[in-house]
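Here is a short note for a colleague meeting this structure for the first time. Please read the points with the model open beside you.

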Amino acid sequence: MREVSQRAEPFVRLLRRHREPAVVQAFRSAAAAAIAYVVALRLSPEAAPLTAPLTALLVVQVTLFATLTNGIRRVNSVVAGVLVAIAFSQLVGLTWWSLALLIVASLAVGHLVRVDEYVPEVAISAMLVLGVTTVGDTAWARIVETLIGAVVGLAINLLLPPPVWIEEAGESIEGLARRLRQLMLRIGEEAAGRPAFEEAAARLHEARRLDHDIVEVDAALRQAEDSLRLNPRVREGLLHRVVLRTGLDTLEICTVVLRVLARTLTDLAKEREPDPLFPEETGQVVERLLSEIADAVVSFSVLVTTHVSHDADAAEARLTAELRQAAATRDKLAQLLLERLQHDARQWQLHGALLTEVNRMIDELDTEHRSRRLLEELDRVSSEQRARMPRLTRLRERLGVQEELWRNRTGIGGRSL
């Protein structure tokens, strides 16, 4: 009995996670492949029409926005790859040299049919399909199966929209903010002590490596943006996209400023070695200030990724209080550095740069600054959409007015994803 429960445990965990995008996408892919196979069994003369589910599996992987905007190129790439594979299966079959020739021919065909960024998928589709087309009655059967798979894949994307990846993007943004916080805390601890130049340089290298984290978060955010576009299950998709994008932009600015700050402290450590960076009291204030800004960075990321109004208000209040405290600590640090300047003017440029950098981070995280930037970005994106798709914009505005009238009549409101 215990062995049975242990074997069933992975399936139980899968059922508990049935709303996660990865799980939803897996079931969508399986459903598309199964439906395509059932349809192909009725319409294709093949006994095992595997080309249809394979094509459906490839097509259904894209988001709804990509289906409607780039779907034709992607389907063309799949169809082109399948046709090349069919030709090779009828002429030479699968050998090591035919596989190499297949790849070259597929890439050439991809450029001829102008599928742009999907050229590699022509070769990928051809290689995958060649394995299941080594035995077949006619090429026509394979073409029919390919079209069945393409139609089923597109229909699944339209009737069952792909999952929304916004939570995963939010987790990526919060993860970046927490890594920023950890680095700030380490820099603050070293600033309060007597760091060697090598230790300060190590923190600088850590700050530089955060650029790779930003690239990964940007990729997750682009996936979330695509999943929000034209998705009927999502309301206020534009707002969510802009909120997350501007939030990532702010964290990216903070990352750059932190790297400059680490450079400043590294130069200061080199100039003052073996003396401490700051007097004891000043070093403790620097440590406390970086700790407070680090907490504000995490609170900012929570505010950006929160969609429920009550939680957003609480996150904004917490961020405002943390920034207020950080500003007070900054003022105290400025006073201490000014007193230090009156007795010792060495490295006053680096001290001034330190204040400039912490000021920039506090200003970037400020809620008023964020609100102003968010409104500007919303206006910019809306203007671009109106200029690019005027008819669709007028239709959306008309539907929005009708929806607002319906809400007022029924008393229903609120926001949801």
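1. Start with helix α13, residues 348-365. The model is a predicted one. At 1.5 Å a residue, the 18 residues of α13 should span 26 Å. The C-alpha atoms at its ends are 26 Å apart, so the two values agree.

2. Which residues of α13 are buried? The list is Leu350, His351, Leu354, Leu355, Glu357, Val358, Met361, Ile362, Glu364 and Leu365. Keep the helical repeat in mind here. An α-helix has 3.6 residues a turn, so residues three or four places apart point the same way.

3. Val256 and Glu357 are 101 residues apart in sequence, yet their C-alpha atoms are 9.8 Å apart in space. Val256 belongs to helix α10, residues 237-272. Is Val256 buried or partly exposed? Its relative accessible area is 36%, so Val256 counts as partly exposed.

4. Next, look at helix α8 (residues 166-191) and helix α11 (residues 280-304). Their axes come within 8 Å and cross at roughly 175°. An angle over 145 degrees counts as roughly antiparallel, and α8 and α11 are therefore roughly antiparallel to each other.

5. Which residues form the contact of α8 with α11? From α8 they include Ile173, Ala177, Leu180, Met184 and Ile187. From α11 they include Val286, Leu290, Ile293, Val297 and Ser301. By class, this contact has 14 nonpolar, four polar and six charged residues.

6. A second pair is helix α3 (residues 51-59) with helix α6 (residues 119-130). They pack at an angle of about 150°, with axes 11 Å apart. α3 and α6 are therefore roughly antiparallel to each other. The crossing of α3 past α6 is right-handed.

7. In that contact, Thr51, Leu54 and Leu58 of α3 meet Ser125, Leu128 and Val129 of α6. By class, the contact has four nonpolar, two polar and no charged residues.

8. Finally, step back to the whole protein. How many helices and strands are there? The protein has 15 helices and zero strands. Of its 417 residues, 44% count as buried. Among contacts with a separation of 6 or more, 80% join residues 24 or more positions apart.

Note on methods:
Residues are numbered from 1 along each chain as its sequence is written. This is a predicted model: local features need pLDDT of at least 70, side-chain atom pairs count only at pLDDT 80 or more; totals for chains, interfaces and linings use all residues. Side-chain values use heavy atoms; hydrogens and water are left out. Axes are lines fitted to C-alpha atoms, for helices over the stretch in contact, and angles run from 0 to 180 degrees between N-to-C directions. Helices (H or I, at least four residues) and strands (E, at least two) are DSSP runs, numbered from the N terminus. Angles under 35 degrees count as roughly parallel, over 145 as roughly antiparallel, 65 to 115 as roughly perpendicular and the rest as oblique. A crossing is left-handed if the near helix is turned anticlockwise from the far one by less than a right angle, and right-handed if clockwise. Contact means heavy atoms within 4.5 Å. Ala, Val, Leu, Ile, Met, Phe, Trp, Tyr, Cys and Pro count as nonpolar, Asp, Glu, Lys and Arg as charged, and the others, Gly among them, as polar. The expected span of a helix is 1.5 Å times one less than its number of residues. Buried means under 20% relative accessible area, exposed over 50%, partly exposed in between (1.4 Å probe, protein chains only).
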